[in-house]
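Please read the points below with the sequence and the model side by side.

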Amino acid sequence: MVKIWVNSADSHVLEPHDLWRDALPKRLADRAPRAERADGRETVYVDGQIIRRDPIAFSDAMRPPGAEDPRIRLEDLDEQGVWAEVVFPSRALWTTIMTDRELARECGKAYNDWCLSEVMGVSPRFVGVAVVSVLDTDDAVAELARAVSAGYRAVFLPATPPEGRDFNNEVWEPLWAAAAEADIPICFHIGTGAEQKVARGPGGAVINYVETFYPAQRTVAHLVASGVLDRYPGLRIVMAESGATFVPALADRMDEAYRQHDMFVRPKLSRRPSEIIYSQVYASFQHDPSAIGTATALGFRNVMWGSDYPHLEGTFPNTQKVLHELFDDVAQDVRRRITIDCFNEVFGVAEPPVTV
Ligand code: MZD
Ligand code: MN
């Protein structure tokens, strides 16, 4: 098979166990994310709470050597045909459920410093996403500025915000302004900021997998309807691992709401919700054939492919098989838009060595 070279809008790096122990004072390190294994299960503790108990087989299935060694990772990327990739955290995602402002701020900063030197420092093909506080906007703005001046080109926020800090809340305004001013995208990754295992029993695994994409839709609705994206027309948001097919349906529904319930709508927007969404919202998928139809049939072109390396929800080690199944019958300009140009538009140009 001809190798299809692509960029990926979604992947994860696994932080070393001792990242926060080595970077933070003991009073904070003791409450930083950590995992312990016993009885076939990996238990994840954050801020003294048990937040996940997974079968070790599940955790290990998501940890090929490239998950924590960027040099091995580059070999995997070359073999899979992925040139540049957006790199999200793994354990640092748990900063989004902390309740302690200092702990969240310092764990995020320590992750950002580590990722900058140990991952992004290895190759410009790794586009890191900086973790900023979800608990305090001043902390978030300060870390965004520090990260951007250090070379970050994106920041991470959870798909679900903390209690009392919904994304339409004006408390976030300085962060939206800072991201727009710095011209960097805000990347919301699904499955973060809230409990993911909400259903048990028959169908639980599939129900929970599906449940994780609703907060992405809620976040887009909050940021568009409240006028955030209208006020900052240059600000781009990326919904990572959410799939992309929901976007046109959501845009239609928001236009209908805006029109049919006009008497209640505030703030009024300078553009229809769908226009704002189609120009400033991006979404990544791994496997969905429907995502391509969203671009070709429904005109939503901010569709980005993502490998979600090394997670089971991703395409590794079968990326080429997945890409051929997705794109062999798709026009070259559409394939390039979804697998390279959209990435370049949002994260900066990364041109794969060969483009077919
Ligand atoms: C980042 C989130 C994604 C999900 C949640 C899972 C494990 C299970 O009633 P039962 O006995 O049949 O059990 C049902 C149950 C769902 C409990 C069981 O099937 O424990 N499954 C898979 O946690 N599913 C929805 S999927 O949350 C978005 C996708 C899978 C990886 C995921 C869990 C990752 C993400 C994301 O925040 C994390 C992280 C560091 O890597 C994994 C785990 C952890 C959470
Ligand atoms: Mn992912």
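1. The structure is a predicted model, and the remarks below should be read accordingly.

2. Location of the ligand. Ligand 1 sits in the largest pocket. There are 18 residues around ligand 1, and those that come nearest are Arg52, Gly191, Gln196, Gly201 and Asn208.

3. Composition of the shell. Seven nonpolar, seven polar and four charged residues make up the shell around ligand 1. Helix α8, which spans residues 204-211, supplies the largest share of that shell, with three residues.

4. Polar contacts of the ligand. The side chain of Arg52 places an N or O atom 2.5 Å from an oxygen atom of ligand 1. For Lys197, a polar side-chain atom is 3.2 Å from an oxygen atom of the ligand. Gly201 takes part through its backbone, where a polar atom lies 2.8 Å from an oxygen atom of ligand 1. On its own, ligand 1 has 830 Å² of accessible area, and the protein covers 80% of it.

5. Backbone geometry in general. Most peptide bonds are trans, and most residues other than glycine have a negative phi. The next two points list exceptions.

6. Cis peptide bonds. The bond from Tyr309 to Pro310 is cis, and its omega is near 0°. Pro310 belongs to the loop between β12 (303-305) and α14 (319-327). A cis bond also joins Phe316 and Pro317, with omega about 5°. The loop between β12 and α14 holds Pro317 as well.

7. Positive phi values. Asp39 is not a glycine, yet its phi is positive, at about 50°. This residue lies in the loop between β2 (34-38) and β3 (41-46).

8. Leu116 and Arg71 are 45 residues apart along the chain, and 15 Å separates their C-alpha atoms.

Conventions:
Residues are numbered from 1 along each chain as its sequence is written. Chains are lettered from A and ligands numbered from 1 in the order in which they are written. This is a predicted model: local features need pLDDT of at least 70, side-chain atom pairs count only at pLDDT 80 or more; totals for chains, interfaces and linings use all residues. Side-chain values use heavy atoms; hydrogens and water are left out. A residue is near a molecule or strand if one of its heavy atoms lies within 4 Å of it. A polar contact is a pair of N or O atoms within 3.5 Å; within protein, one must be able to donate a hydrogen and the other to accept it, and residues adjacent in sequence count only if both atoms are side-chain atoms. Accessible areas come from the Shrake-Rupley method with a 1.4 Å probe; for residues, only the protein chains shown count as cover. On a 1 Å grid over the protein atoms alone, a cavity is a set of points where a 1.4 Å probe fits but cannot get out, and a pocket is an open set with protein on both sides within 12 Å along at least five of seven lines; lining residues have an atom within 4 Å of a point. A molecule sits in a cavity or pocket if more than half of its atoms lie within 2 Å of its grid points. Helices (H or I, at least four residues) and strands (E, at least two) are DSSP runs, numbered from the N terminus. Ala, Val, Leu, Ile, Met, Phe, Trp, Tyr, Cys and Pro count as nonpolar, Asp, Glu, Lys and Arg as charged, and the others, Gly among them, as polar.
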